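Here are my notes on the model you sent.

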Amino acid sequence: MTDKGVAVHQQLVALLKDNEARYRVMDHEPVGKCEEVSLIRGTALGQGAKALVCKIKGNGVKQHVLAILAADQQADLTLLAQHVGGLKASLASPAEVDALTGCVFGAIPPFSFHSSLKLVADPLLFARFDEIAFNAGLLEKSIVMDTADYLRIARPELIDFRRS
């Protein structure tokens, strides 16, 4: 286990416990690819909560966004930018991801613990399954949790931003 992400994992588990969420933590091989980790977890690819750290610019907007969508979908970054009021969106740099999440790529959970990181989620992720699954701050730890509990605790802004 690497040190990067340990604090985020501990903060996340404490948050879920404190809010009486229905969840389970899984230990597994360190995998950052959605397809591989869903097989290891025994969950459908569409249950996976893929987390993208994005930078939105234009129209006077300069905003970092943690955009969550189902792992079997692709993000439409232009649509994401429009929803936030900007003109364009791009993926954040590795340094920005580190500063805003404290996690390596592939281990970012669908929760924002940084005041400068706005949390948004595509509603399709929550419409198809009773549980969602995600890496929990570390590539070797996943959480599978109740969808309703996620929405209650994380409170993301729900916007459609997947490619059609």
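**Notes on the model**

1. Arg155 is exposed, with a relative accessibility of 68%; the scale sets buried at under 20% relative accessible area, exposed at over 50% and partly exposed in between, with a 1.4 Å probe and protein chains only. Arg155 sits in the loop between α6 (147–154) and β8, where helices (H or I, at least four residues) and strands (E, at least two) are DSSP runs numbered from the N terminus. The phi of Arg155 is positive, near 50 degrees, in a residue other than glycine.

2. Some basis for the rest: this is a predicted model, in which local features need pLDDT of at least 70 and side-chain atom pairs count only at pLDDT 80 or more, while totals for chains, interfaces and linings use all residues. Residues are numbered from 1 along each chain as its sequence is written, and side-chain values use heavy atoms, with hydrogens and water left out.

3. Asn59 also has a positive phi, of about 60 degrees, although it is not a glycine. Asn59 belongs to the loop between β2 and β3 (61–70). Its relative accessibility is 55%, so Asn59 counts as exposed.

4. The largest nonpolar core has 30 residues; such a core is a set of buried Ala, Val, Leu, Ile, Met, Phe, Trp, Tyr and Cys residues joined through side-chain atoms within 4.5 Å. Ile68, Phe111, Met145 and Tyr150 have the most contacts inside this core. Helix α1 (residues 6–18) supplies the largest share of this core, four residues. A second, separate core has 15 residues, among them Leu52, Val61, Ala75 and Ala81.

5. Which residues does Met145 contact, leaving aside its neighbours within four places in sequence? They are Leu16, Ala21, Arg22, Tyr23, Phe111, Asp130, Glu131, Ile132, Phe134, Tyr150 and Ile153, with contact meaning heavy atoms within 4.5 Å.

6. His9 lies in helix α1. With 10% relative accessibility, His9 counts as buried. Not counting residues up to four places away in sequence, His9 touches Val25, Ala136, Leu138 and Lys141.

7. Ile159 is in the segment after β8 (157–158) and counts as buried at 7% relative accessibility. Beyond neighbours within four places in sequence, Ile159 contacts Leu80, His83, Val120, Ala121, Asp122 and Pro123.

8. The largest pocket has a volume of about 360 Å³. On a 1 Å grid over the protein atoms alone, a pocket is an open set of points where a 1.4 Å probe fits, with protein on both sides within 12 Å along at least five of seven lines, and lining residues have an atom within 4 Å of a point. The lining has 24 residues, of which Gly32, Cys34, Lys50, Ala51 and Gly106 lie nearest the pocket's centre. Two or more lining residues come from each of α2 (34–41), β2 (49–58) and β6 (131–135), and β2 gives the largest share, five residues.

9. There are zero disulfides, a disulfide being a pair of cysteine sulfur atoms within 2.5 Å. For Cys54, the nearest cysteine sulfur is that of Cys34, 14 Å away; for Cys103, the nearest is also that of Cys34, 15 Å away. Cys54 is buried at 0% relative accessibility, and Cys103 is buried at 3%.

Terms used. Grid points are joined across faces, edges and corners, and a volume is the space filled by probe spheres set on the points.
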